[in-house]
Amino acid sequence: MINYAESRIEKPIPKINRKRITGKVILYAVLIFVLFAIDQYTKRLAVIHLKDGKDFVLIKNILSFSYLENTGAAWGVLSGKITLFAVFTCILILLILLVMLRLERIAGIKYRMLQFDMAILLSGAVGNLADRLINGYVVDFIKTDFINFPVFNIADCYVTLSMIILIIFLLFFMKEDELDNIFYLKRKK
């Protein structure tokens, strides 16, 4: 009888081409910086134009801009726990970078798309982390008027969009053995 666990042939992990990875690191660093800069710029605009308490209605009864200093998560959960959020975000950033590095060893366009998605997630995490470390709060300003939803910002949009894409990838495009190749903790013998 064949033991499928023992008969499974492991593909060797290819070596990383240093020139290619350097180019990708620069590309992703630029992408992350641009997305971070957009987030910070929009937050700065919110401080300049909305901090005085005057809301700006973009689409009546649907979308407006309203200044909020958020010391917690959505709906103010865990307000004032800046250190907790900072530590959690730093751990998340390290995990994202680890996943991006592991994805570099696997060939295929969907893995490149997943790396791109991780870069978007990283941009959002870094954007809100910067606010927490510099200000002690996150500047939120996008408000949905048609539903009771927390006020949010561009970094939150990055995180939400990248998580939706990640869930779609995990549910519909990734196979179990592909996930094993990305998330293994020890090299298989």
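## Salt bridges in the predicted model

A salt bridge is taken here as a side-chain nitrogen of Lys or Arg within 4 Å of a carboxyl oxygen of Asp or Glu. The structure under discussion is a predicted model, and by this rule it contains 3 salt bridges. One of them links Lys43 with Asp131, whose closest N and O atoms are 3.0 Å apart. Because Lys43 belongs to helix H2 and Asp131 to helix H4, this pair ties together parts that are 88 residues apart in sequence.

## Helix H2 and its surroundings

Helix H2 spans residues 18-50, a run of 33 residues. From its first C-alpha to its last it reaches 47 Å, close to the 48 Å expected at 1.5 Å a residue.

Several positions of H2 are buried, including Ile21, Tyr28, Leu31, Ile32, Leu35 and Leu50. The buried residues of the helix also include Lys24, Asp39, Thr42, Lys43 and Ala46. Among the elements that cover the buried residues of H2 are strands S1 (56-59), S2 (63-70) and S3 (138-144). Helices H3 (82-104), H4 (109-135) and H5 (154-173) also take part in this cover.

Burial is assigned under 20% relative accessible area. Lys43 has a value of 3% and is therefore buried. Asp131, in turn, counts as buried because its relative accessibility is 4%.

## The pair Lys51 and Glu69

A further salt bridge joins Lys51 to Glu69, with the closest N and O atoms 3.7 Å apart. Lys51 is located in the loop between H2 and S1, and Glu69 in strand S2, so the pair ties together parts that are 18 residues apart in sequence. Lys51 counts as partly exposed, at 44% relative accessibility. Glu69 likewise counts as partly exposed, at 35%.

Salt bridges that share partners join Asp39, Lys43 and Asp131 into one network.

Definitions and conventions:
Residues numbered from 1 in each chain as written. Predicted model: local features only at pLDDT ≥ 70, side-chain atom pairs only at ≥ 80, totals over all residues. Heavy atoms only, no water. Helix = DSSP H or I, 4+ residues; strand = E, 2+ residues; numbered from the N terminus. Expected span 1.5 Å × (residues − 1). Buried < 20%, exposed > 50% of the residue type's maximum accessible area, 1.4 Å probe, protein only. Contact = heavy atoms within 4.5 Å.
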